[in-house]
Amino acid sequence: MALSVCIICRNEEANIGRTLSSVFEVADEIIVVDSGSSDRTLEIARSFGPKVIIYEEPWRGFAPQKNFALGKANCDWVLSLDADESLSPELADAIARVVKPAGTGSGNVSATAQRAAPELKATDAWKDGDP
């Protein structure tokens, strides 16, 4: 199964490189939605190559930005991060084992996902007021 990573950002040059590096090996695509950075955020994101797909979208609020990014994701699974968050190597390895089991290239992870977040469905979207 494939994994999209969605990141919303603005003026995150101090963090975006660390965030992208932490997900680069586990993600099949990385969606970056920038809301008007005036620093080197976009330059740094572009330096990661074609796996990083950048959209420039005016800020419309937290939930609309997250939902815009989610709408651009093309993979079976989506991991949504803020630009100042990153995966530990242990977490990246755990995600890779679930999303891309060894020797298969894909796998059925519905039972794992259901145990981790039984209240969520693939169609759930961010709502204003969500943590």
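What covers the buried residues of H1? I found that the cover includes E1, E2, H2, E3, E4 and H4. Contact here means heavy atoms within 4.5 Å.

Ground rules first. This is a predicted model, where local features need pLDDT of at least 70 and side-chain atom pairs count only at pLDDT 80 or more, while totals for chains, interfaces and linings use all residues. Residues are numbered from 1 along each chain as its sequence is written, and side-chain values use heavy atoms, with hydrogens and water left out. Helices (H or I, at least four residues) and strands (E, at least two) are DSSP runs, numbered from the N terminus.

Entry: helix H1. I checked burial (buried is under 20% relative accessible area, exposed over 50%, partly exposed in between; 1.4 Å probe, protein chains only). H1 is mostly covered, with 6 of its 8 residues buried. These are Ile16, Gly17, Thr19, Leu20, Ser22 and Val23.

Entry: the sheet. I read an open sheet of 4 strands, ordered E3-E2-E1-E4, with parallel pairing. Two strands pair if DSSP finds at least two bridges between them. Strand E3 (52–56) and strand E4 (77–82) stand at the edges with a single partner strand each, so one side of each has no neighbour in the sheet. Neighbouring strands are turned by 20 degrees against each other on average, direction ignored. Axes are lines fitted to C-alpha atoms, for helices over the stretch in contact, and angles run from 0 to 180 degrees between N-to-C directions.

I then looked at one pair. E1 and E4 pair in the parallel sense over 6 bridges. Leu3 has Trp77 as its bridge partner in E4. H1 packs on this sheet, touching E1, strand E2 (29–34), E3 and E4, and its direction makes about 175 degrees with that of E1.

Entry: the cores. A nonpolar core is a set of buried Ala, Val, Leu, Ile, Met, Phe, Trp, Tyr and Cys residues joined through side-chain atoms within 4.5 Å. The largest has 21 residues, and Val5, Ile7, Leu20 and Ile30 touch the most other members. E1 gives the most to this core, with 4 residues. Another core, of 6 residues, lies apart from it and includes Ile8 and Ala69.

Entry: Glu12. I placed Glu12 in the loop between strand E1 (3–9) and helix H1 (16–23). Not counting residues up to four places away in sequence, Glu12 touches Asp39, Thr41, Ala83 and Asp84.
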